[in-house]
Amino acid sequence: MLRWPVLVPLACFLLLFGFFTLRLVKMNHGDMPNDITTVLIDKQIPPFALPPLFEGKPALTSGDLAGKVTLVNFFASWCIPCRAEHPLLATLAGKVNLVGIAYKNEASDARAWIGAMGNPYQAIALDRDGRLGIDFGVYGVPESYLIDRQGRIRYAWKKPFDPDEIRDTLLPLIAELSK
Amino acid sequence: MIPETGQFALILALLVALVQSSIPLIGAARQDQAAMALARPAALAQFLLIAIAFGALMSCYVTSDFSVLNVVENSHTDKPMLYKISGVWGNHEGSMLLWVLILSLYGAAVALFGQQLPPGLKARALAVQALISVGFLLFILLTSNPFTRVDPAPLNGNGLNPLLQDPGLAFHPPFLYLGYVGFSMAFSFAIAALIEGRVNAAWARWVRPWTLAAWAALTLGIAMGSWWAYYTLGWGGWWYWDPVENASFMPWLCGTALLHSAIVVEKRDALRGWTILLAILTFSLSLLGTFLVRSGILTSVHSFASDPARGVFVLALLGIVTGGSLLLFAFRAGKLDGGGLFAPISREGALLLNNVLLATTAGAVLLGTLFPLIADALDLGKVSVGPPFFNAIFLPLMVPLVMVMAVGPFLAWKRGDLAGALGRLKFVLALSLLIALASWLIEGGSASPLWAAGGIALASWLGVSALLEWAERIKLWRAPLNGLLTRIWRAPRSAHGMTLAHFGMAITIAGITGSTAWKSEHIQVMHSGDSVDVATYRLTLDSVEDNLPGPNYTASRAHFTARKDGVVIAEMLPEKRLYRTPPRQTTQAAIHTNMLGDLYVVIGEPDPKGGYVTRLYYNPLAPWIFLGAVVMVTGGGVSLSDRRFRFGAPKRAASAVTGRA
């Protein structure tokens, strides 16, 4: 005798199985989970104003980014891949205006993290509730957005940087935008 | 020669597993004793062959045989011996080999110690276990061969990820696998019972020790991983809700539920269908975890080099194992109805509520872990699910769970007396409120968060009630003292085990509360000679030594002196290490513990003026988090030694149970 409640676990499992299969099929077509395209490419950055992470520093607004080629890097102290990425950001010193956004983070945690890991950023703002993250379409941390002098998003990298990506894509793009 | 021996042993193991998965199953259907009896030697042979393969790979690592690709990619001659050995399972191929080794170990253990099992059930359970082996051995041989050679052999290897070069982490995977692969045994028994169409108290009694062993190992494995994160990641945290942490935590939640529902089947012959379902789900969650980690469909620090081909293979295995068993469950569940009736307020009722809460928590963690994937598939856009989500769902489910946990053991089977139980717990309630108030006042009254007092109250409620239940069981007050030791010895070991496990949980809850609420944290630049006050301690940075050579790294080591009231209590030496192959920096926190709290010191980057960024923490009750886990594991061990699980016991016990139920 089959009664429908005993089929519920199977149905739930088949649903999940479907999601997994879809994901793997997408991965086979080169769509890796980290490759998230952003619809904001070539669009103007969303206007924002965020408090500074460190008290006494100026606040960060979208207007501050005008006129310089800026890399906006979302990070969080609770994010382990950010730790892996962090030393690479230091290699960008002097090449681009690097702005860090502490995403969904308690200020004290983020400050502790920067204190321990070093500060490669020219400015760090605090996006405590992730509001700016929503505007940028942040999916997870770390994520980075390259913004040109006119304030348009030209490039998005939705995973930790690796040396190859920095050398082959990011640095040439920064050089081109800085001309 | 040695790698080839290993590979041949694996192929032979696959052939043996094929035999073990088919002939005993057919034999059981035909009541053919000889065919059923084949399961035992086959299970032993399979374990032996996989052990030979595992030994072969280990010998390649120990001798640094760089003609083997896997060794080249994950080892280096400079690596200390401990990490050459742990390097065997510090990579995808080797860890899969460990996976099947443990799978076959459980099979061999059932073959050896399950003399009293009914031959049909034993043959079927071992056949199902071998069926899982076949899948995973094929997976290793076809997609992840650890014995692939490389020609010409390089002079040295690439080394192991420095974060993994740590004694705590060396033994974390074996325990973790002993845990979640161990749930395969409960799964195999469940499938065997579904094939037979019969689940009874005796079945529950046979399944429980295997579940208990797996649960204890998993608890220890998770605690070791968490402890490792605590002392090496260097910012005092110990749980991050990373997808891979969740992958091991979901089977733990579900396995904990299984452990408790199996008691209901054993004692009262109720919840039979639910228990079978839990056994299937627990192991399915283990497989799901394996799939998530190996396929790379979610991103996580723990991921092994991911490969869609491997993902497809593990997904197919997951589909066959879980899909097939749930289908079988759907067909057979109707036969499992009935059993003992019970009132909502009863021991069974409390255990059922515990099950519902644990299963809901496991489901919520699953949803949170997979949500990015589901949202992506449904084009719901970009969603991130971080620790805030998990904390928000976890607490509201855990608080009622712990409250019930304290009351449940005081309720009688069938129909309990809630008012009576609460009456006996009045004094516990008063005492826990008192402890909470005292701890809150000690930690600065209004300066400390109010929820911390709630957490401490909850922990005391659970801990004290566990002790009270134990005291009543051994008649601490009601009977003369001189027979006390005998009464303790005579009481069922599983009852002592429960007390320990529940008390351990209380310790862990107190640890979580204290270390989260009352942490003091000081981050600053310090120069040699500077002192900083942390909680009631004064920490002085004496000096920092640079360029200290280690076996495969160079370190900067800071010398701190910790003083309390002017008296030196500890020298603390945190390090920052730079490993050579692969080049990577790690932190080694220095921890001084007095068991009531940890003084935790990390040395960070130098600043241009000759100072160093230092992070100094005092984490009150942090050691209790891990201590509690150890007490829980001890409880599992004590319960496992209960005489009714011992060899020879089940047959007699089976008749006794039918008599009682």
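Mentor: We begin with a definition: a residue is called buried if 20 or more other C-beta atoms lie within 10 Å of its own, exposed if 12 or fewer do, and partly exposed in between. Please keep in mind that the model is predicted.

How many other C-beta atoms lie within 10 Å of B:L328? The number is 17, so B:L328 is partly exposed. Which residues does B:L328 touch, once its neighbours within four places in sequence are left aside? The contacts are B:I191 and B:L194. By contrast, the C-alpha atoms of B:L328 and B:S64 are separated by 47 Å, and these two residues are 264 residues apart along the chain.

Let us now turn to another helix of chain B. Helix α13 of chain B covers residues 272-295 and has 24 residues; at 1.5 Å a residue it should span 34 Å, and because its end C-alpha atoms are 34 Å apart, the expectation and the model agree. This helix is mostly covered, with 24 of its 24 residues buried. After α13(B) comes B:G296, which has a positive phi near 75 degrees.

The domain assignment divides chain B into domain 1 (1-155), domain 2 (171-413), domain 3 (417-518 + 631-661) and domain 4 (523-620). Between the C-alpha centres of domain 1 of chain B and domain 2 of chain B there are 25 Å. Their contact involves 22 residues from domain 1 of chain B and 25 residues from domain 2 of chain B. On the side of domain 1 of chain B that touches domain 2 of chain B, the elements giving two or more residues are α6 (92-113) and α7 (119-143) of chain B. The largest share of that side, ten residues, is supplied by α7(B). Sorted by class, that side of domain 1 of chain B has 13 nonpolar, eight polar and one charged residues.

Chain B also contains an open sheet of four strands, in the order β1-β10-β9-β8, with antiparallel pairing. Strands β1 (520-526) and β8 (590-593) of chain B stand at the edges with a single partner strand each, so one side of each has no neighbour in the sheet. On average, neighbouring strands of this sheet are turned by 15 degrees against each other, direction ignored. Seven bridges join β1(B) to strand β10 of chain B (residues 612-620) in the antiparallel sense. For B:I523, the bridge partner in β10(B) is B:R615.

Finally, we consider the other chain. For chain A, the assignment gives domain 1 (1-30) and domain 2 (49-178), and the centres of these two domains of chain A, taken over C-alpha atoms, are separated by 38 Å. Between the chains, 38 residues of chain A are in contact with 39 residues of chain B. On the side of chain A that touches chain B, two or more residues come from each of α1 (8-28), α2 (80-90) and α3 (107-117) of chain A. Helix α1(A) gives the largest share of this side, 13 residues. By class, the residues on this side of chain A are 24 nonpolar, nine polar and five charged.

Terms used:
Residues are numbered from 1 along each chain as its sequence is written. Chains are lettered from A and ligands numbered from 1 in the order in which they are written. This is a predicted model: local features need pLDDT of at least 70, side-chain atom pairs count only at pLDDT 80 or more; totals for chains, interfaces and linings use all residues. Two strands pair if DSSP finds at least two bridges between them. Axes are lines fitted to C-alpha atoms, for helices over the stretch in contact, and angles run from 0 to 180 degrees between N-to-C directions. The expected span of a helix is 1.5 Å times one less than its number of residues. Domain bounds come from an automatic or database domain assignment. Two residues are in contact if their C-beta atoms, placed from the backbone, lie within 7 Å. Ala, Val, Leu, Ile, Met, Phe, Trp, Tyr, Cys and Pro count as nonpolar, Asp, Glu, Lys and Arg as charged, and the others, Gly among them, as polar.
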